[in-house]
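I opened the notebook with two topics in mind. One is how the chains meet.

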Amino acid sequence: MNILVFNCGSSSLKYRLLAMPAAVELAGGEAQRVGPPTTKPSVILYKVGQQKFTKQVPMANHAAAFAEVMTLLRENAGLQPDAVGHRLVHGGTYFRDPTVVNAGVMARLEEIRDLAPLHNPPAMALMYACREQYPDLPQVAVFDTAFHGTIPEHAYTYALPRQLGRELGVRKYGFHGTSHQFVMEEAAAFLKKPITAFNAVSCHLGSGGASLCAIVKGRSVDNTMGYSPLQGLMMNTRCGDLDPALAMQLLAHAHGDSRQVSALLNNQSGVLGMSGFTADIRDVFAQRTQTQDANPRLHQTEQVYTWRLRKYLGAYLAVVGRADAVIFTDTIGETVPQVRWAMCAGMEAFGLKLDQARNAGLTAYPSDIATHDSPVRLLVVLTNEELAIARRTFLRLTDHAAPIPTESKSSPARTRKPSPGRHPAKGVCA
Amino acid sequence: MNVLVLLPSRQRLSFCYFANGWQQPICAGQYDDYRDADGSRLALTELTRSLAEAGRAHNAPARPDVIALRGISGGADFKKPALVSPGVLRKLEKRVPFAPLHIPALVALIHAAQAAFRGVPIVLVFETGFFVDLPEREHLYAVDANLTQTVGVRRFGYHGILHAAACNHIARQRHAMGVHSPARVISICLEPRPELAAVLGHKPLMVTSGATPLEGLPGQTTSGELDPSIVLMLAQKMGWGPEQINAVLTQQSGWLGLVGRMTTLPEIFASHRPECELARKIIQYRLLQACGAGLAALSGLDALVFSGRYSGVGVSLGPWLKKHLASHRPESSITVTLCQEPVERVLAETVCAAALKLKPS
């Protein structure tokens, strides 16, 4: 089965066509500058075999980009997908498992579109286009929040008036689930452990967003991101944890303009806000080591970034109990040994023993950077969200125990129904 | 030494008079509405009357040797107990913009106490003092301080008096056993606003509270840590202003919000009602996470110590936390200790010890 996976950004569209279950990549690429015209033309960067190409073509919206991608696949490689897998950032309280898309699902998605205002709407535009242009092509939505559906009530509940939580859907959702689940499965396979007996802390450290996930018996039990992707770790431009009193103070300074505060905390804080010159923590490390830069802001940025990671790693190791592994993934987790060192050094009390030489001399993935006698394995694993989405899509469509629902407006099969009184929240600054 | 302890809080002024070698305080009470010059003067006038009465009844002097005054948020300027002097009052005036309600009430109280007990030294101890030297990596927020107008805003702890006493207790305990290296302590203060600190010897490395006592663990009516987006969503969806949001997060949330009525920590831990069980699980879970973070901060753990008015809960909570924290070292030698002295007595002791060394600045 050839599965076309879409990973939709606000102005971009990444795609990969994978032959499943062998996971052979047949084609892939990225449409850039989708949307209203910018200073540069819209382009699709794509690969056929190992050769790279660029095609300039106007794409006013994600529907147009989708049509172009399908044309490219057909004309250049004679390829046609058998199914499509979509990455959806937020499934709210409705969706947990990979879901075959029909009219009922689209209606539910409309209800929760505001939970991830930057991410869900473009993905939905793509799904509409796909349904219209290829009504017979099965589509599966895979949710980033899905893996975190197993977070227990005592971990997802904020200590707010319960009425407020129920009415507004205020709870921890957790994000990066597709990636956490993927690297967890890779790590368990690498260690030859059954997933159902696998305990770990997964560290998805992207150059943009970052989160840690506590995993018990192969299930997510906590994630550092919360109601939105703003909570938790310090990120490239996101502040992470912040005293709510400071958020209120900022709101007062901005005369109640929550959008202004949201922009400040989401786009101008984190590594960028602290360092004052870059949003990429790798630049901070490089600047410090190359120039012995004594700029206190750089020192502070580095210290706060790694300290928060270390504290959350400790918190989640306490939650997990006997961990089999700590997993590092995504750009920073895969390529910055200083970060892994700052997190793992002096953590013998948790059973972590980092091998400094292996950590610094990492060449292949997946790799174990713990000493031989470390009770907990320290693994560096490459994430691959597109492959993960292809796997889930394939499994969903070949799962004979769960027939593919026909078009209907009724409640979709295999999705979690909201409990009475629990309405999905709307309007979050994600 | 006879010590009058004054504990001003947002709602009321509590006092406690320790005299006659201090078996028990010979007099204690509280006054509402003390927060301005008139209120403070009235409260102190009544207080002198109470002390005179109690002095007659217990054959003790009606005039204390020293007044111990607790402040909450003193900023980086007030690390150690300070003997109140014109210099100290000037430093306090400078802090008014950072704590516009707390500091003026404190200053009014100082003037009233000076008038009521002429010549009696007043020693001011701030709860934040213990946390002045928190490392930068722990006390900074990941924001642009200039853009957010938060220059100088940083994390503190707000139960420093009890944490300091608890860590002293652990140090003495170890000393008696011949161990002289600094202990790696997780100090859990169980008050209506609970707070957990990781302390190496006497040096705090991590604390759950933040720029204000709102951040951190859920309290009796306070939410504790939240996704900051929730604050913004409440403004946007509910149309609430900062004051309304503040009222919900500080007066209607926490254990009250979870259980649906005013309650205490011992009640939550004793009750089997489902709403109490969820609240208990949430509190235990947040504490376990904070312990894990503290353990990472300390690179190990020697002692768990509980203090505060609900420290009795530590009887069940302590072993539970220890079990979860020691899963990789079942032979682990973490000790669990309860320090159940009330804050007023701890403060009286702190001030007696400090008073001998203090000179006016």
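**Entry 1: the interface.** This is a predicted model. I started with polar contacts and found 17 residue pairs between chain B and chain A, both residues at pLDDT 80 or more. Next I asked which elements of chain B supply at least two residues each to the side that touches chain A. They are α4 (136-139), β9 (203-207), α6 (228-238), α7 (242-251), α8 (254-259), α10 (274-298) and α11 (314-325). Of these, α10(B) gives the most, with 13 residues. I then sorted the residues on that side of chain B by type: 35 are nonpolar, 21 polar and 12 charged.

I looked up the extent of the contact as well. On chain B, 68 residues are in contact with 74 residues of chain A. Together the two chains bury about 6200 Å², and 67% of that lies on carbon and sulfur atoms.

How many salt bridges are there between chain B and chain A? I counted one. It joins the side chains of K311(A) and E138(B), at 2.9 Å from N to O.

**Entry 2: β2 of chain A.** I turned to strand β2(A), residues 13-19. Six of its seven residues are buried. Strand β1(A), residues 2-8, pairs with β2(A) in the antiparallel sense over seven bridges. One pair I noted is C8(A) with L13(A). Four residues make the hairpin link from β1(A) to β2(A).

I then checked β3(A), residues 24-32, which also pairs with β2(A) in the antiparallel sense, over seven bridges. Here A19(A) stands opposite V24(A). The hairpin of β2(A) and β3(A) has four residues between the strands, and A23(A) in it takes a positive phi near 65°.

**Entry 3: β9 of chain A.** Why do I call β9(A), residues 200-205, largely enclosed by the rest of the structure? Because six of its six residues are buried. In a regular strand, side chains alternate between the two faces of the sheet. I listed both directions: A200(A), S202(A) and H204(A) point one way, V201(A), C203(A) and L205(A) the other, and all are buried.

I looked up the pairing next. With β10(A), residues 210-216, β9(A) runs antiparallel over six bridges. C203(A) is opposite L212(A) there. With β12(A), residues 325-329, the sense is parallel, over five bridges. V201(A) has V326(A) as its bridge partner in β12(A).

Note on methods: Residues numbered from 1 in each chain as written. Chains lettered and ligands numbered in written order. Predicted model: local features only at pLDDT ≥ 70, side-chain atom pairs only at ≥ 80, totals over all residues. Heavy atoms only, no water. Contact = heavy atoms within 4.5 Å. Buried area = accessible area lost by both parts, 1.4 Å probe. Salt bridge = Lys/Arg side-chain N within 4 Å of Asp/Glu carboxyl O. Polar contact = N/O pair within 3.5 Å; in protein donor to acceptor, adjacent residues only side chain to side chain. Nonpolar A, V, L, I, M, F, W, Y, C, P; charged D, E, K, R; others polar. Buried < 20%, exposed > 50% of the residue type's maximum accessible area, 1.4 Å probe, protein only. Pairing = 2+ DSSP bridges.
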